[in-house]
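This report goes through one protein model by topic, from its surface and overall build to its aromatic and charged side chains. The sequence and structure come first.

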Amino acid sequence: MNTFVHKTLVVQLHAPGTGRFPVLAHLGYDAEDPFAVTAVFAHDGHVLAQWRLDREMLAEGLNRPVGVGDVRLRPADAGMWHELRLEFLGEPRPDGGRQRAVVHAWAPAVAMFLRETREIVPPGREQAPVDELLADILATG
């Protein structure tokens with residue numbers, strides 16, 4: 001049985017002052033980490049950023065605004081395109097500001113990726129190795 005899903009999408013990175021430009025988003029899902037989706041953003045063979053996203057938050061972001069921390073998602077329409085707007089906030093800078101990146105992905109492609117993850121591990125069927133994690137924490141504490 002396949003326990004991994006990988007999709008590469010062309011998304012639009014919105015950089016202040018330059019508008020949008022295309023980058024690759026490599027989305028990955030592994031049944032061993034059933035709550036998370038890994039998103040690696042790359043351009044010209046260089047990794048720009050990597051984020052671990054909550055799978056259900058990603059799904060909810062297709063329908064309504066979600067997120068209050070470093071990751072915020074919401075649906076957006078761009079003409080006849082339905083997009084998912086992903087906003088990522090970086091570490092605080094000494095001046096008090098934060099780096100910020102906004103990525104626009106084609107919502108139907110993200111939805112298709114999520115459907116494939118749900119075929120592997122349906123929502124509500126996720127299992128986390130809580131006993132093993134607790135044993136590791138207690139052993140190192």
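Is Trp81 buried, partly exposed or exposed? Trp81 is partly exposed, because its relative accessible area is 46%, and the class runs between buried (under 20% relative accessible area) and exposed (over 50%), with a 1.4 Å probe and protein chains only.

## Basis of the values

The model is predicted: local features need pLDDT of at least 70, side-chain atom pairs count only at pLDDT 80 or more, and totals for chains, interfaces and linings use all residues. Residues are numbered from 1 along each chain as its sequence is written, and side-chain values use heavy atoms, with hydrogens and water left out.

## Overall build

The protein chain has three helices and seven strands. Both kinds of element are DSSP runs numbered from the N terminus, with helices (H or I) of at least four residues and strands (E) of at least two. Their order from the N terminus is β-β-β-β-α-β-β-β-α-α. The C-alpha trace spans about 50 × 40 × 30 Å along its principal axes.

Of the 141 residues, 35% count as buried. The accessible surface is about 9,000 Å², and carbon and sulfur atoms hold 57% of that; such areas come from the Shrake-Rupley method with a 1.4 Å probe, and for residues only the protein chains shown count as cover. Among contacts (heavy atoms within 4.5 Å) with a separation of 6 or more, 35% are between residues 24 or more positions apart.

## Surface patch

Trp81 belongs to strand S6 (residues 81-92). Together with Met80 and Trp106, Trp81 forms a nonpolar patch on the surface, and the three have about 420 Å² of accessible area together. Patches take residues with over 30% relative accessible area and no salt bridge; nonpolar side chains (Val, Leu, Ile, Met, Phe, Trp, Tyr) are joined within 5 Å, and like charges within 9 Å.

## Aromatic pairs

The structure holds three aromatic pairs. Rings of Phe, Tyr and Trp (its six-membered ring) pair if their centres lie within 6.5 Å; planes under 30 degrees apart count as stacked, over 60 as edge-to-face and the rest as tilted.

Trp51 and Phe88 make a tilted pair, with 4.8 Å from centre to centre and 35 degrees between the planes. Trp51 lies in strand S4 (residues 46-54) and Phe88 in strand S6, so this pair ties together parts 37 residues apart in sequence. Phe88 counts as buried because its relative accessibility is 4%.

## Salt bridges

A salt bridge is a side-chain nitrogen of Lys or Arg within 4 Å of a carboxyl oxygen of Asp or Glu. The count by this rule is 10 salt bridges. One of them joins Asp33 and Arg52, with the closest N and O atoms 2.4 Å apart. This pair links distant parts of the chain: Asp33 sits in the loop between strand S2 (19-30) and strand S3 (36-43), while Arg52 is in strand S4, 19 residues apart. Asp33 is partly exposed at 32% relative accessibility, and Arg52 is exposed at 55%.

Glu87 and Arg100 form a salt bridge of 2.7 Å, N to O. Here strand S6, which holds Glu87, is linked with strand S7 (residues 98-106), which holds Arg100, and the two residues are 13 residues apart. Glu87 is buried, with a relative accessible area of 11%, whereas Arg100 is partly exposed at 44%. A further salt bridge joins Arg93 and Asp95 at 3.3 Å, N to O. Arg93 is partly exposed at 34%, and Asp95 is exposed at 61%.

## Two buried arginines

Arg55 is in helix H1 (residues 55-61) and is buried, with a relative accessible area of 0%. A network of salt bridges links Arg55, Glu56 and Arg118. The side chain of Arg55 also makes a polar contact (a pair of N or O atoms within 3.5 Å; within protein, one able to donate a hydrogen and the other to accept it, and residues adjacent in sequence counting only if both atoms are side-chain atoms) with the side chain of Thr117 at 3.2 Å. Leaving out residues up to four places away in sequence, Arg55 touches residues including Tyr29, Phe35, Leu114 and Glu126.

Arg85 is in strand S6 and counts as buried at 13% relative accessibility. A polar contact of 3.4 Å joins its side chain to that of Glu87. Beyond four places in sequence, Arg85 touches residues including Arg72, Leu73, Arg100 and His104.
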